[in-house]
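Notebook open, model loaded. I want to go through the helices, then the sheet, then the pocket.

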Amino acid sequence: MRIADVLSNKGAAVATISPEATVSQLLAGLHEMNIGAMVVVGPEGLAGIVSERDVVRKLHERGSSLLAQPVSEIMTTVLATCTPRDTVDHLSVLMTQNRVRHVPVLDGGRLAGIVSIGDVVKTRMEELEAEQQQLQAYITQER
């Protein structure tokens with residue numbers, strides 16, 4: 001299965017935030033949308049990604065004053081990305097190797113979506129269920 005298929009099932013909407021937004025604004029957005037990460041987009045385009053994990057680690061280091069700091073202070077700027085043409089298998093390896101849970105999808109340099117580890121797991125479960133149904137139908141047909 002390709003990433004384009006995952007996006008067609010879940011939708012291509014991506015929650016974004018500006019690098020100048022505060023960490024407090026980020027947390028409010030994550031809570032409001034019930035998500036774990038946001039893509040950071042500046043005037044030049046894709047600038048990074050920031051997750052709950054980034055916030056927790058930096059809060060531990062810097063304390064509550066972090067909440068007033070800009071997202072650009074804590075965002076990850078070296079991104080693991082994929083394209084709609086990549087396979088879910090490729091994305092699984094990418095996520096594991098880079099130890100990330102959210103991967104922006106770029107199509108011709110343009111932000112086309114985001115895929116989370118939850119999306120990958122859901123896709124895998126659906127594939128396994130479809131396989132099981134096919135095998136069940138084959139076995140039943142043989143009798």
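I call a residue buried when its relative accessible area is under 20%, exposed when it is over 50%, and partly exposed in between (1.4 Å probe, protein chains only). Helices (H or I, at least four residues) and strands (E, at least two) are DSSP runs, numbered from the N terminus.

Ground rules: this is a predicted model, so I take local features at pLDDT of at least 70 and side-chain atom pairs only at pLDDT 80 or more, while totals for chains, interfaces and linings use all residues. Residues are numbered from 1 along each chain as its sequence is written, and side-chain values use heavy atoms, with hydrogens and water left out.

**Helix α2**

I looked up which residues of α2 are buried, and got Val23, Leu26, Gly29 and Leu30. They cover an arc of only 120° around the axis, so they sit on the same side of α2. By arc I mean that of the directions from the helix axis to the C-beta atoms. His31 and Glu32 are exposed on the other side of α2.

What covers the buried side? For the buried residues of α2, the cover includes β1, β2, β3 and α3. Contact here means heavy atoms within 4.5 Å. I also noted that α2 (residues 23-33) lies across β1, β2 and β3 and runs at about 130° to β2. For that angle, axes are lines fitted to C-alpha atoms, for helices over the stretch in contact, and angles run from 0 to 180 degrees between N-to-C directions. Just after α2, Asn34 has a positive phi of about 55°.

**Helix α1**

In α1 (residues 3-10) I found Ile3, Val6 and Leu7 buried. Down the axis of α1 these fall within an arc of 95°, so they line one face of the helix. Ser8 and Asn9 are exposed on the face turned away from that buried side.

I count two strands as paired if DSSP finds at least two bridges between them. Three strands make an open sheet, ordered β1-β2-β3, with mixed pairing. β1 (16-17) and β3 (45-51) are the edges, each with a single partner strand, so one side of each has no neighbour in the sheet. Strand β2 (residues 37-42) runs antiparallel to β3, and six bridges join them. The two form a hairpin with two residues between them. I checked two of the facing residues: Val41 stands opposite Leu46 in β3, and Ala37 is opposite Ser51 in β3.

Is Ser51 buried or exposed? Ser51 is buried, at a relative accessible area of 14%. Leaving out residues up to four places away in sequence, Ser51 touches Gly36 and Ala37.

Ser51 turned up again in the largest pocket: 18 residues line this pocket, and Ser51, Asp54, Arg99, Val100 and Arg101 lie nearest its centre. The elements that give two or more residues to this lining are β3, α3 (52-62) and β4 (102-107). I see α3 giving the most, with four residues.

How values were computed: 1 Å grid on protein atoms, 1.4 Å probe; cavity = no way out; pocket = protein on both sides within 12 Å on 5 of 7 lines; lining within 4 Å.
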